[in-house]
Amino acid sequence: MKQIKYSELNEYKESRIYPIYKDQDICNEIIDKLGFDLNTIVNKEYNQITQIHTLGKLPFPSILFIGLGDSKEITTMKLRKAFETVSKKIKEPMNFIVKQACTDEINIHQITRLFIESHMVSQYEEHVIGHDFKNIVDVQMISDEDIQKDIDEAIAYGEGINYARRLADTPSNLMTPVHLVEEAKALADEYGMECTILDKKALEEMKVGGILSVNLGSHIPAYMICLKYTNANTPYTAVIGKGLTFDSGGYNLKGNSLGMKYDMCGGADVLGVMKTLGALKAKANVYGIIPTTENLVSGKAYKPQDVITTLSGKTVEIISTDAEGRLILCDAITYAQQLGATQLIDLATLTGACVSALGDIYTGVFSNDDEYYQEFASAMKESDEKGWRLPIDEEYFAKLKSHSADFKNSVGKAGAGASVAANFLEAFVEEGTKWIHLDIAGTADNDGTAATGAMVRSVVNMVKE
């Protein structure tokens, strides 16, 4: 995808994508050459598509009009949705007329980025194993203003999001912790990042008890992945992602584990974030940390009422082996702080309770710092991603009181499960560390199919200068 100028259009014979508002008239030159008033037949209502064949009267075969409704009511979110609609119908290379979608509030640079990102996200399809990957159809952006930088930046975001989706969509027998480690190493090599892999022996020496306990039932070892991206003179932010490549629930066995290959979406999103930062050459200092393992059942697997010792030294009584995500995340949070990170963002498909509360529309957002939360709320708004702040309260944490450990990993019954889990994680965040927890259980995939790359865009916009 690249920019082409109007003076170069004669070299390009591809069909055109023409965005149009209700309060706009279609270009008179096109109307004159086709010989009829397109304004009377093109549906300009929001998100409506009209295809017009030029029948040889113009040097390209067709025009795909996408209705945008009233220009005074348009938003960047609505533009994303409309652009996704039209992009899903594109089967061959086309040219997009950028200036037609501009308004007094939304400029040509924003339109360029919105279309490219939306096009790449909507064209992505889950890979059918044994077949070739589907290529994204090329679209050239028609504009005399210099927008190539916007195109390149949008491609970086689109590729980062789709990379996270591809990792999460890969079946769990083909995306084990070992495979995730190899992906991280390759990503580090591509963008010149430092890469540290803590294997099982290193984790044992460090006494990383949360991850190791969850890993006991699997024959594939656990790892802690750490990528280090350095390109600023600022303190490091750690972006931490839950990397459960498959979750059976352990001895608290799930009734239906379909969709549990997506329990690594947080970890996949972290690699998507790091890829985007690398491609952008963003001004930022970021650790990308992924604790990764499977949670399976065997004669060695951890059990309810076991007591484990985490990396922090805090002890935890296991009430549910299916509350495993918080056990690997708490060790990663401690590790990030040991590295010197003073700001933390974690992403995890953590609780069904968050799905019940917010469904697949909003991500659950928790934070221990109001100012830090407001920064992230601004990043979400800029990114057109939806999140809803949920409470952290010492009364929730009190429900985790244990008689045999510092606290329990679960209450063991329904009730404010997302907040209880967030309070558990907060117990590992040290004084003075700013922290955001993103429960993406409802937004990370489409009901057990097709990963979304939820919050990759928002996290990138939060951590880069």
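User: Which residues have the most contacts inside the largest nonpolar core?
Analyst: Leu 271, Met 274, Leu 277, Phe 376, Leu 438 and Val 459, in a core of 51 residues. A nonpolar core is a set of buried Ala, Val, Leu, Ile, Met, Phe, Trp, Tyr and Cys residues joined through side-chain atoms within 4.5 Å; buried means under 20% relative accessible area with a 1.4 Å probe, protein chains only. This is a predicted model: local features need pLDDT of at least 70, side-chain atom pairs count only at pLDDT 80 or more, and totals for chains, interfaces and linings use all residues. Numbering starts from 1 along each chain as its sequence is written, and side-chain values use heavy atoms, without hydrogens and water.

User: Which helix gives the most to this core?
Analyst: H8, with seven residues. Helices are DSSP runs of H or I, at least four residues, numbered from the N terminus.

User: What is Leu 271 in contact with, leaving aside neighbours within four places in sequence?
Analyst: Tyr 163, Leu 167, Leu 180, Glu 183, Ala 184, Leu 187, Leu 227 and Ile 290. Contact means heavy atoms within 4.5 Å.

User: OK, helix packing. At what angle do H4 and H8 cross?
Analyst: Roughly 155°, with the axes of H4 (residues 148–169) and H8 (residues 265–280) coming within 8 Å. Axes are lines fitted to C-alpha atoms over the stretch in contact, and angles run from 0 to 180 degrees between N-to-C directions. H4 and H8 are therefore roughly antiparallel, a label for angles over 145 degrees.

User: And where do the axes of H11 and H14 stand, at what crossing angle?
Analyst: They come within 8 Å and cross at roughly 125°.

Notes: Helix = DSSP H or I, 4+ residues; strand = E, 2+ residues; numbered from the N terminus. Parallel < 35°, antiparallel > 145°, perpendicular 65-115°, else oblique. Buried < 20%, exposed > 50% of the residue type's maximum accessible area, 1.4 Å probe, protein only.
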